[in-house]
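Have the sequence and the model open as you read.

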Amino acid sequence: MIQNSKWIGILILTLMLSACSNVGIGGKQISVGGKNFTEQYLLSEMTAFLLKEEGFKVKQMNNLGSTVVRKALENEQVDMMWEYTGTALITYMGQEPMSDPEKTFQKVKELDAKRNIHWMNMSNVNNTYALAMNKDQAKELDIVSISDLADYVNNNPDELTMASDAEFANRPDGLPGVEELYGFKFGSGQIKQMDLGLTQRALNNRQVDVSVAFETDATIVDYDLVTLKDDKKFFPPYRAAVSINKNVYEKYPEIKDITAKLADKLNSDIMRELNYKVDIEGNSVSVVAHDWLVENELIKE
């Protein structure tokens, strides 16, 4: 009788451990990838917070190069990530740039469906090229758009100078393309070539009048710069959107509604401010992401 009781106890314990193990295996689990710059760290962290709030066990795979994390997504080593429509279309898919954000989104969605990757929730975060000026000078010269800049350069040749890295200064979808579409041209001596990280600093130091920039760059806030409106829509859209393995999406369709909370609220201005809090003020990515989500009532305190 004692022996039978012993085996009954072992059986019960085994069943209990098995049940616990199955709970762990059966729980909602997902991996979120991210590239190796601040904006991507923030998007990944905010997504992880939202998913955890909904009961997911989240593994973050950040600090990866663009092509590395893309390959990881294709190979199902990463389940989902925030990707940029322009990067996918031009870099990964080898297509020509498109100017319309929605058409770009639909195109990458169509092409990636063949790779078992689903796109959803395109945001208004647009990490594309821009032309920047010091806010006070732009106001003084009444320059709001690139068309305004073109008019000013044409009426005042050789007056304004521009900071650019070598790539943007020479590639067709960079400055030469901007000048062709908008009908103006900086003189050869008016373009100051330097590393991309130095262009806004040169602008802030009043060494140049115009600089190449990225829409969501924190230095735009730090240096009190203004980005000129691309009124003829030359620069292709680089909108942040969710790309996810189709099988994972079919398993957890609720992820669409969860990540839509970010896509619906974020835009380039907000993203720039969040980048500023990390890059310039030195706050941690986790704190900035958490505080913003709480402030916007997306997660509990």
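How far apart should the ends of helix H14 (residues 268–279) be at 1.5 Å a residue? The twelve residues should span 16 Å, and the end C-alpha atoms are 16 Å apart, which agrees. The expected span here is 1.5 Å times one less than the number of residues in the helix.

## Before we go on

This is a predicted model, so local features need pLDDT of at least 70 and side-chain atom pairs count only at pLDDT 80 or more, while totals for chains, interfaces and linings use all residues. Residues are numbered from 1 along each chain as its sequence is written, and side-chain values use heavy atoms, with hydrogens and water left out.

Helices (H or I, at least four residues) and strands (E, at least two) are DSSP runs, numbered from the N terminus.

## The annotated span

The UniProt record, an unreviewed entry, places the feature "domain: ABC-type glycine betaine transport system substrate-binding" at residues 28–293. Such annotations may be inferred rather than shown by experiment. In the model, that span is 47% helix and 19% strand, and its end C-alpha atoms lie 22 Å apart.

## Back to helix H14

Along the helix, Ser268, Met271, Arg272, Leu274, Asn275, Tyr276 and Val278 are buried (under 20% relative accessible area, with a 1.4 Å probe and protein chains only). Among the elements covering these buried residues are helix H2 (38–53), helix H11 (219–222) and helix H15 (285–295).

Strands count as paired if DSSP finds at least two bridges between them. Strand S6 (residues 162–164) runs parallel to S7, and three bridges join them. Within this pair, Ala163 stands opposite Lys192 in S7.

## Strand S4 and its partner

Strand S4 (117–120) runs antiparallel to strand S10 (residues 240–245), and four bridges join the two. Met120 stands opposite Val242 in S10. In a regular strand the side chains alternate between the two faces of the sheet. In S4, Ile117 and Trp119 point one way and His118 and Met120 the other, and all are buried.

Leu43, in helix H2, counts as buried because its relative accessibility is 1%. Beyond neighbours within four places in sequence, Leu43 is in contact with Trp82, Tyr84, Ala240, Leu262, Leu266 and Met271 (contact means heavy atoms within 4.5 Å). Leu43 and Glu83 are 40 residues apart in sequence and 9.9 Å apart in space, C-alpha to C-alpha.

Ser123 lies in the loop between S4 and strand S5 (129–134), and is buried at 1% relative accessibility. Not counting residues up to four places away in sequence, Ser123 touches Trp82, Arg239, Ala240, Ala263 and Leu266. Lys35, in strand S1 (residues 29–35), is buried at 3% relative accessibility. Leaving out residues up to four places away in sequence, the contacts of Lys35 include Gln40, Tyr41, Glu83, Tyr84 and Tyr92.

Terms used: Buried means under 20% relative accessible area, exposed over 50%, partly exposed in between (1.4 Å probe, protein chains only).
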